[in-house]
Amino acid sequence: IQTIDVSDYDKIQELSNRFINATTDRERDVANGLIKKFIWNKQPKKWADKDRTFRNMNMLLSLPSRLLDVTSTAAFQGINALDELVAKGIDKAMGTGLRGKMTTPVEWWKSVARGAKEGAEDVNLGINTARSGEVDRYELGFHPQFENVPILGGAEKALNATIRIPDRMFYEARFDSALKDLMSTGKFTAEEAEEIARNEALQAVFQGEGLLSKSSKFARDLLNGRIDNKPMFDNETVQNIADNIQLGNRIAPFVQTPANLIAEGLERSPLGLAKGGFEMATAKTPQQLRQAQQTLAKGITGTTGATLGGGYLLNQVPNTIGGFTNEDLYGDDVTGLPPQSIVIGDKAVSLASMPFLTIPAGLGKALLEPDKTMPERLLNATTYTGNILSDLPMLKGLGDLYKGSADIAKVGADYALGNTDLAEVGQSVGRVAGQQGANILSQYIPLSGTLG
C-alpha cells in the first residue's frame, strides 16, 4: 500500500465520521463502500486488470448488445414469474408448505425502482453495496480502472451503468419477493431465508453459483495459471508471466455468465424434468426440497413452452436454430441467415445470445422433426445443442478452440496412419493459432461490442 500522508488521514477521518453519523442502512452501506474504495485506490494498479477492463469495454459496449442484454434479462423475469406459479402449484399439491405469500405487482415495482436508484448511485460513486456481494455479471470487477481518464472513464462508467443498474433492479425485486415468500411460511429462520433468497435472486440475473458455473470458471482459471485463485507455478517469474498474460481470460473472457445461460436452457427442457425428479427424490432438507420444486417447475414450463411449442414453431418457419437451415423446406429463405436466427416477417432475428430459449427450442425442433426416425432425432438433438453452444458469442474463443482441436486430432490421426504429411499437420495447427490470435486481437477493437 502506498504511503499515507496528512491529507489521506483527513480523508479517512471524513469517511469514518460519515459512517458513524449514518442514520440509515443505505447511508452506512455507501459510507462503507467509499472507505473500501479509498483503501483500494491506495494500492498499486495492475496492468493486467486495466487491460482486461479495456477489452471488456470493447467486447461488450455497443448499443445493440446492451439493449439485447437488458431486454433478454427483463423477459427472463416474466419466465421466472411463470416458474414461480408452477412451483407454488407443486408445493400445494405436495402439501409441504414451503411457498407462502407472493409479492404484488406494486411491491415488485417498488423493489425495481429502489434497485435502479441504488445501482445508479453505486455506479456514479464507483462502489459496490449490492447484497449479492462480490458477484457480478461478466466478472467486471467493482473497482473502476479508468476513473477520471478522458473517454475511457466515461466508457467504463457507461458499461457499468448498462449492466449493473438493470441487474440490481431485477436482483432486488427477486430477492424481496423470495424473502417475503420464505418468511411467510414459518419454516425458515431469517438467516436461511436470506441465503435462499440471495441464491434465487442471483439465478434471476444469470449470476448463479451452480456446478456448471463453478466448473467453467475452474477450467478458465487453469488456463490463467491458477487453481482456486492460488498460484499454479512454484517459479515466481513463470507465475508473474501467467498472471500478466491471463491466457484463459483472452481465450474465454466470460465463462460464468454463459455457463448460467446454458444451465437455464438445459433445465428448461426434458432434462430439467429428469433433474427435478432426481432432486425431489434425494432432497433431505426443506431448502433442497424447495430447490427441487423450482427445478421441476422450470422443466415443466420449458418443456411445454419452449421444447414442444418452440420446437413445433421452428419446424414451420425458416430458421437456423441448431445450425441446420431446413433448406429442403425453405430453400433460399434461409440462405445467408446468421447462426441461431429465425425469420420473422422479412427480418432475421438472432437468438444466439439466448441459449435459455434456443437450447430447449432446438431440442424440440429435433425431436419433432418430421420424416425422421427416433435415433435420427436423438442424434440431431445432440448435434443441435452442440451447435447452439459453439455459436454462443461469449464462448466464441472456446468454440473455435474446440473445433480447431478436433481438426488437429483428425489430421494427426491421418498422419499416424500415413494418409497425410507433416506439413498438413503444421497447417492445421497454424489455422488454430491464427484463429485464436484473430479472436484476441478483435478484443482490442474500440467499442466493437463483438461479444455482447
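Colleague: Let's begin with helix packing. How should I describe two packed helices?

Modeller: Two packed helices are described by the angle between their axes and the distance between the axes. Keep in mind that we are reading a predicted model here. Take α4, residues 63-94, and α13, residues 286-314: their axes come within 8 Å and cross at roughly 125°. That angle makes α4 oblique to α13.

Colleague: What is the handedness of the crossing of α4 and α13?

Modeller: Right-handed. On the α4 side, the contact is made by Leu82, Asp83, Glu84, Val86, Ala87, Ile90, Asp91 and Met94. On the α13 side, the residues are Leu289, Gln293, Gln294, Leu296, Ala297, Lys298, Ile300 and Thr301.

Colleague: How many nonpolar, polar and charged residues does the contact of α4 with α13 have?

Modeller: Sorted by class, there are nine nonpolar, three polar and four charged residues.

Colleague: Can we try another pair? At what angle do the axes of α11 and α15 cross?

Modeller: Helix α11 (residues 256-267) and helix α15 (residues 355-367) have axes that cross at roughly 35° and come within 7 Å. This crossing, too, has its hand: α11 passes α15 in a right-handed crossing. From α11, Leu261, Ile262, Glu264, Gly265 and Leu266 meet Pro355, Phe356, Ile359 and Pro360 of α15. The contact of α11 with α15 has seven nonpolar residues, one polar and one charged.

Colleague: Now burial. Is Asp51 buried or exposed?

Modeller: The number to read is the relative accessible area, and under 20% counts as buried. Asp51, in helix α3 (residues 47-60), has a value of 7%, so it is buried.

Colleague: Which residues is Asp51 in contact with, leaving aside its neighbours within four places in sequence?

Modeller: Arg250 and Tyr444. With Tyr444 there is also a polar contact, side chain to side chain, of 2.7 Å.

Colleague: And Lys275, where is its place?

Modeller: Lys275 sits in helix α12, residues 270-282. Its relative accessible area is 36%, which means that Lys275 is partly exposed. Not counting residues up to four places away in sequence, Lys275 touches Glu267 and Thr295. The side chains of Lys275 and Glu267 make a polar contact of 2.5 Å.

Colleague: Which residues does Asn80 have around it, leaving aside neighbours within four places in sequence?

Modeller: Asn80 is in contact with Ala204 and Arg268, with those neighbours left aside.

Colleague: What is the relative accessible area of Ala31?

Modeller: It is 0%, so Ala31 is buried. Ala31 lies in helix α2, residues 25-41. Beyond its neighbours within four places in sequence, Ala31 is in contact with Arg18 and Phe19. For a sense of distance, the C-alpha atoms of Ala31 and Asn21 are separated by 9.7 Å, and these two residues are ten residues apart along the chain.

Colleague: Let's turn to loops. Where is Phe146 found?

Modeller: Phe146 is in the loop between α5 (105-125) and α6 (152-185). At 9% relative accessibility, Phe146 counts as buried. With residues up to four places away in sequence not counted, Phe146 touches Lys50, Thr53, Phe54, Met57, Leu152, Gly153 and Glu156. Ser72 is 74 residues from Phe146 in sequence, and their C-alpha atoms are 29 Å apart.

Colleague: One last feature, the backbone. What should I look for in phi?

Modeller: Most residues other than glycine have a negative phi, and most peptide bonds are trans. A positive phi in a residue other than glycine is thus something to look up in the model. Asp228 is one such case, with phi near 50°. Gln246 is another, with phi near 50°.

Colleague: Where is the place of Asp228, and is Asp228 buried or exposed?

Modeller: Asp228 is in the loop between β1 (226-227) and β2 (230-231). Its relative accessibility is 60%, so Asp228 counts as exposed.

Colleague: And Gln246, is it buried or exposed?

Modeller: Gln246 is buried, with a relative accessible area of 15%. Gln246 is found in the loop between α9 (236-245) and α10 (247-251).

Note on methods:
Residues numbered from 1 in each chain as written. Predicted model: local features only at pLDDT ≥ 70, side-chain atom pairs only at ≥ 80, totals over all residues. Heavy atoms only, no water. Axes fitted to C-alpha atoms, helices over the stretch in contact; angles between N-to-C directions. Helix = DSSP H or I, 4+ residues; strand = E, 2+ residues; numbered from the N terminus. Parallel < 35°, antiparallel > 145°, perpendicular 65-115°, else oblique. Left-handed = near helix turned anticlockwise from the far one by under 90°. Contact = heavy atoms within 4.5 Å. Nonpolar A, V, L, I, M, F, W, Y, C, P; charged D, E, K, R; others polar. Buried < 20%, exposed > 50% of the residue type's maximum accessible area, 1.4 Å probe, protein only. Polar contact = N/O pair within 3.5 Å; in protein donor to acceptor, adjacent residues only side chain to side chain.
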